[in-house]
Amino acid sequence: LFRINRMQNIGSRNLHKTGNLFSFLLLFMGAMFGILIGFSIQMLGPLIASIVIPGIIIMTVVLFKAPEYGILILLIFVSGILPNTLNPFINLGFGNFQVSDIILISLLVVVMLKLIFQSDFSFHKTPLDLPVLLFCIAVVIGIGTAVINHGIRFSYTTYDARILLHYSLFFAVTNLIRTKSQLMRLLRGFILIGIFVALLIFFQALLGNTFQLVSSEYFKESAVLRAYHPGFVVVFIILMVIISLLTISHTTLPIRITYFIVLLIMGLAVLFSLTRNVIVSTALSIIVLFILLRGMQLSRLVMSLIVLGMVVIAGFTVLTLVNPESVVLAYPSSIMQRFSNLFSVEGLSGESNLYWRFFELRFAWEKVVENPMWGIGLHTNYRPPFIGEDAPANFIHNGYMMVWLKTGLIGLIAFLWFIILFQARGFRLWARVHDDFLQATALGFSLVFFAMMFSNWVAPLFVENFNLAFFAAMMGINEVIFSLNSLKDQTEPAVPV
């Protein structure tokens, strides 16, 4: 009885202490909110403030009650679907941050607050935590390297830092997505973003310059319009998930037809982008699928590809008969021309992308040899500007070299650690997932990372502004899938022998 009374007293004191902390937090948040209202009215004016403040309140409720929607809003912002004017830079005194950056910071703050004040909320540990954390620390070290060793202004380094630190979204996903219903809402939103981007590319290619759906800086017109969207990587992601769904899932015919229509849209978007590295990545992923799948799943993959090929051939044949002047008919020959340039003399000329990327690598290697451990830091030029070239002198197309330059050897090791570990876990655990949809998602995401490891040699997709958050979200989603699957295994009753 004495022990019970003592435990009750201890519990009462802890509850009282937690209540005081919570009351203090409410008081602090109220004071900060009052300051925010005054600051917003003074800086933005009463009219704009009357729109912004309710938006902040709604967003705060969403982040606490349904964080999956907060993650989706962040992905919509960084995907380039919305005009840049809707994701403006805000000067916080120590650097410029976009609205999407503030959403990311808010998601991480929600995790911290839940850890402190919610007794039944604990940090969800995963094998990827350490390498992702080390990478984020290396990014911070990269700020110091740039400022101290190269005299770069701190505010300039925050531009690169806020992009690379989007990998911290991984912790928001693994800790805020706790139920299957949350996970399914997040995945459905993920797919809708991919479909929307694919449709933008598709219709922009059809419309040409008659109507602008994608910002003109993202498409080029030569023989045909190359409609490249900044959030294009999500199209490839959903393409691989849908292919995995068609081979794995046991669904009704109407649902399979729906998946096939989405697959067709995604495939045409890849074609219209004329992006060689993504087309090669798609081929590599399908080859890996052939190696991984067995039996009925392999048969479904073969049948899906045959049907897809027949539909595309039939579509182009009909279009040739109905409208032989259609711009769509020029895309197959254009993509073949782009690939043939790689193996021709033109590929080594001064007009070729490969020619200039060779010089990028040469200059970058000289810099990392000088300081392999720390690199040159964030937003630091590693080469002189190239004549007639738009890319800044701190940008390089090789993603691995970019990480080494900006974050040093620590950042590169951490980066390689988590992308290889992610794939190892994905290819080892996907087949153990019980739910067909989640199983296909885990496999599709793993295939994307495998293919992107090769693409990253010629295009820094892993560390680009419009793509990085999607990779962080994919890593987090796979870990949530494996965690929920493990919990299901633990709670299922044993089958008597």
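Predicted model: local features only at pLDDT ≥ 70, side-chain atom pairs only at ≥ 80, totals over all residues.
Q: In which loop is G377 found, and which residues does it contact beyond its neighbours within four places in sequence?
A: G377 is part of the loop between α14 and α15. Setting aside neighbours within four places in sequence, the residues in contact with G377 are G142, T145, A146, L405 and K406.

Q: How many Å separate the C-alpha atoms of G377 and I143?
A: In sequence, G377 and I143 are 234 residues apart. In space, the distance from C-alpha to C-alpha is 5.9 Å.

Q: What is the phi of H379, a residue that is not a glycine?
A: Most residues other than glycine have a negative phi. H379 is not a glycine, yet its phi is positive, at about 60 degrees.

Q: Where is H379 found, and is it buried, partly exposed or exposed?
A: H379 lies in the loop between α14 (353–370) and α15 (399–429). Its relative accessibility is 26%. Buried means under 20% and exposed means over 50%. H379 therefore counts as partly exposed.

Q: How are α3 and α7 oriented relative to each other?
A: Helix α3 (residues 67–78) packs on helix α7 (residues 169–176) at an angle of about 155 degrees, with the axes 10 Å apart. Angles over 145 degrees count as roughly antiparallel. α3 and α7 are therefore roughly antiparallel.

Q: Which residues of α3 and α7 meet, and how do they divide by class?
A: P67, I71, L74 and L75 of α3 meet L169, V173 and L176 of α7. By class, the contact of α3 with α7 has no polar residues, no charged residues and 7 nonpolar.

Q: How are α8 and α10 oriented relative to each other?
A: The axes of helix α8 (residues 180–207) and helix α10 (residues 253–273) are 9 Å apart, at an angle of about 50 degrees. The parallel class needs an angle under 35 degrees, and the perpendicular class runs from 65 to 115. α8 and α10 are therefore oblique.

Q: Which residues of α8 and α10 make the contact, and how many of them are nonpolar, polar and charged?
A: On the α8 side the contact is made by G194, I195, A198, L199, I201, F202 and A205. On the α10 side it is made by V262, I265, M266, L268, A269, F272 and S273. The contact of α8 with α10 has no charged residues, 2 polar and 12 nonpolar.

Q: How are α8 and helix α9 oriented, and what is the handedness of the crossing?
A: The axes of α8 and helix α9 (residues 233–248) come within 8 Å and cross at roughly 120 degrees. α8 and α9 are therefore oblique to each other. The crossing of α8 past α9 is left-handed.

Q: Which residues of α9 make the contact with α8?
A: From α8, the contact takes F190, I191, I193, G194, V197, A198 and I201. From α9, the residues are V234, V235, I237 and I238.

Q: How many helices and strands does the chain have, and what percentage of its residues is buried?
A: The secondary structure comes to 17 helices and 4 strands. Of the 497 residues in the chain, the buried share is 46%.

Terms used. Residues numbered from 1 in each chain as written. Heavy atoms only, no water. Axes fitted to C-alpha atoms, helices over the stretch in contact; angles between N-to-C directions. Helix = DSSP H or I, 4+ residues; strand = E, 2+ residues; numbered from the N terminus. Contact = heavy atoms within 4.5 Å. Nonpolar A, V, L, I, M, F, W, Y, C, P; charged D, E, K, R; others polar. Buried < 20%, exposed > 50% of the residue type's maximum accessible area, 1.4 Å probe, protein only. Left-handed = near helix turned anticlockwise from the far one by under 90°.
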